[in-house]
Amino acid sequence: MRTAPASNASPAPPLRARSASLARRAAALVYEGLLLVALLFVVNFALLPFVTPRPAGHADDLVVPALPQRLALFWIVFAALAGYFCWCWSRGRRTLPMKTWRLRLVRGDGTPLPPRTALLRYLAAWIGPLLATAAYAALAPWGLGAHATWLIALGFLWAFIDRDRQFLHDRIAGTYLVTDSATGVHREDPT
């Protein structure tokens, strides 16, 4: 009976032990937020002529689109963000903040995300905002709607109670944000 030769290298620790620190992930999140604001401005500016009900008469007129136009705008922005994140997170690609902070998004086995897992992670990131909207609708009649705002960050606050310090959307999707050195990858993205 043959046995495999012993390797001098010790086995790699599990991914949860090599995850990026919470501070590093938070810094990348702030950077990502700045870029997302710019992306949202561009998308909304491009769509403004299609959702504005009438030209403003004066510079101080506020023209609020009707509910169907606002919903259409939301779903277009939602789809644009889904496209951005699913593209950047799948097949080993990264967003600019992830490159800057040397973060890589991987599955539990250390492999890059397929597009389906990236989409699951994106959708799971909306749990907090959806709960905040529902809580606002329930609390607003009593003048307590402002108390629902903290729920927006629920997915990120989850890291403080999670045993592996994972964000809620990472826990649901089975993904990990790790540093490049933790994945053993020291090359540039092929994109």
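A word on the ground rules. This is a predicted model, where local features need pLDDT of at least 70, side-chain atom pairs count only at pLDDT 80 or more, and totals for chains, interfaces and linings use all residues. Residues are numbered from 1 along each chain as its sequence is written, and side-chain values use heavy atoms, with hydrogens and water left out.

So, how many salt bridges does the structure hold? There are seven, a salt bridge being a side-chain nitrogen of Lys or Arg within 4 Å of a carboxyl oxygen of Asp or Glu.

Let me start with Arg94 and Asp180, whose side chains pair at 2.9 Å, N to O. Arg94 sits in the loop between α2 (67-89) and α3 (96-100), and Asp180 in helix α8 (residues 180-183), so this pair ties together parts 86 residues apart in sequence. Helices here are DSSP runs of H or I, at least four residues, numbered from the N terminus.

Are these two partners buried or exposed? Arg94 is buried at 7% relative accessible area, and Asp180 is buried too, at 11%. Buried means under 20% relative accessible area, exposed over 50%, and partly exposed in between, with a 1.4 Å probe and protein chains only.

Next, please look at Asp109 and Arg107, where the closest N and O atoms are 3.9 Å apart. Asp109 is exposed at 53%, while Arg107 is partly exposed at 31%.

Finally, Arg171 meets Asp164 at 3.0 Å, N to O. Arg171 is partly exposed, at 27%, and Asp164 is buried, at 12%. Both belong to a salt-bridge network that also links Asp162 and Arg163.

How values were computed
Helices (H or I, at least four residues) and strands (E, at least two) are DSSP runs, numbered from the N terminus.
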